[in-house]
Amino acid sequence: MLIVSYGVLGYDDRMLQSQLFTKPRKEAPKDEVAKNAALLVRAGFIDKLQAGVYSYLPLGLLVIKKIEQIIREEINAVGGQELLMPALHPKEVWQTTGRWDSLDVLYKIKDASDREFALGPTHEEIVVPLVKQFVSSYKDLPFSVYQFQNKFRMELRAKSGILRGREFLMKDLYSFHRDEEDLKQFYEKMKGVYVRIFERCGIGAETHLTFASGGSFSQYSHEYQTVTPAGEDIIYVCGDCGVAINDEIIAKQSACPACGSTKRKSERSIEVGNIFELKTKFSDPFGLTYKDEKGDDKPVVMGCYGIGLGRVMGAVVEVFGTENAMRWPDSLSPHRLHLLELTGKGSAVDSVRKVAGDIYQKLTKAGVSVLYDDRNARAGEKFADADLIGIPHRVVVSEKLVADNKLEYLNRVTGEKKIISEIEFFRLFTNDMV
RNA sequence: CGGGCUGUAGUAUACCGGUAGUACAUACGAUUCGGGUUCGUAUAGACCGGGUUCGAUUCCCGGCAGCCCGACCA
């Protein structure tokens, strides 16, 4: 394959569908009941290895990478520094915080010499000793670090497809501050970051800032809950300001904590992200302190901020998917455009292939990521598979269209379908990027 | 972890205490070619272990796995 240019992700993300090693299926495996998993498995985005443990296949990985890149851009914009910490954790750090015994979702493993480890469910125990080596003065604060990493949680019951896994990809960010005031400021800034992230992922309208339990040392934590019937949580969305309250604290909090309104509606929802004031909960056991202007030792104040990438992907499918079709927002679609050639029969085959192949080359040169259905398959199958895969823009090349020098363009978001010239089409995709 | 249900070709399903059938997928041939065309041929299957029985994929017990409900879930 001639490599002409690279897609936005920095590698060649265009694809000939005939080369794709996965294939769409007509039926979902009987052990996938959740809509997100049924559609994603059928379309070849993911594969289940065991309950709550999935592989991301080429199409699905492209979506995950796009979610990741959106998060990365928004966090970098507020100064977050990306790193990558290990998943294999020594027992000792978990004993330091007492969570070796108290955290029941912790996977514990032993090596051949009986040494014990944990598989990381979250990384406070790792990041705090790490930053301790570099933080000594108030001048070193504040800062924040984050990573994208697989987390391991021994859920008693994995369920809902990729919405509750035992191994799952998460963005976790930790912020470090000299006092609660500074933490508060950053925390508020992160709320804006999260709003932009979910907005860019296409679920901004369905995703609500939600007040949730803050545990023993904080009045609230905040979750980002995406409304969909597939959700496991129940939230009460304020009719005036759209901020929600998690069912778990509704008894203590009847009026909207944001605007005081008592108008509200209960909804099922998926927690796609959360932010939490850790304060000194983890700085204390590890002795993470800094010297203030007077030379006094003070504990570092922390916050943590998570987003489940698989959950975002699953939530998007739940929100936009129908029985036989997904529909990706432009920002997350594995490819920008789905190009279908309907070769028909006889002498037209070559001309259709030539036109479609040409368009593919031109778009690729222009940096547009295309999934090109060059398979030797019938129209019905191609249309059905394209619906299932759910790339929001579809363009068809067929014998009839080639004869008229036209293309058929479908926008799955607006439902608009039109016959256009090649020039109009290229203008659509190489200038006026949606 | 408690309760319920289920394990049959790659996928979805059927029947049966006595040679396991169908559809889709796959391979080959023909036909068709803008919404999963039609036909033929071929390939391919009973989760594992134990028990009952002349004989178990079927019945019983145990294990393992999966799904659903609940509990759990920074």
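Which element gives the largest share of the surface near RNA strand B? It is α10, with eight residues. "Near" means a C-beta atom, placed from the backbone, within 6 Å of the strand.

Some ground rules. This is a predicted model: local features need pLDDT of at least 70, side-chain atom pairs count only at pLDDT 80 or more, and totals for chains, interfaces and linings use all residues. Residues are numbered from 1 along each chain as its sequence is written, with chains lettered from A and ligands numbered from 1 in the order in which they are written.

Back to the RNA. There are 42 residues around RNA strand B, and D31, G215, A379, G380 and S398 come nearest. Elements giving two or more residues are β14 (264-279), α10 (379-389), β20 (393-398) and α11 (399-404). Helices (H or I, at least four residues) and strands (E, at least two) are DSSP runs, numbered from the N terminus. By class, that surface has 16 nonpolar, eight polar and 18 charged residues. Ala, Val, Leu, Ile, Met, Phe, Trp, Tyr, Cys and Pro count as nonpolar, Asp, Glu, Lys and Arg as charged, the others, Gly among them, as polar.

Next, domains. Chain A splits into domain 1 (15-20 + 335-430) and domain 2 (35-320). Their centres, over C-alpha atoms, are 40 Å apart. The bounds come from an automatic or database domain assignment.

Last, a helix pair. The axes of α2 (residues 58-76) and α6 (residues 180-200), lines fitted to C-alpha atoms over the stretch in contact, come within 10 Å. They cross at roughly 155°, on a scale from 0 to 180 degrees between N-to-C directions. α2 and α6 are therefore roughly antiparallel, the term for angles over 145 degrees.

Methods. Angles under 35 degrees count as roughly parallel, over 145 as roughly antiparallel, 65 to 115 as roughly perpendicular and the rest as oblique.
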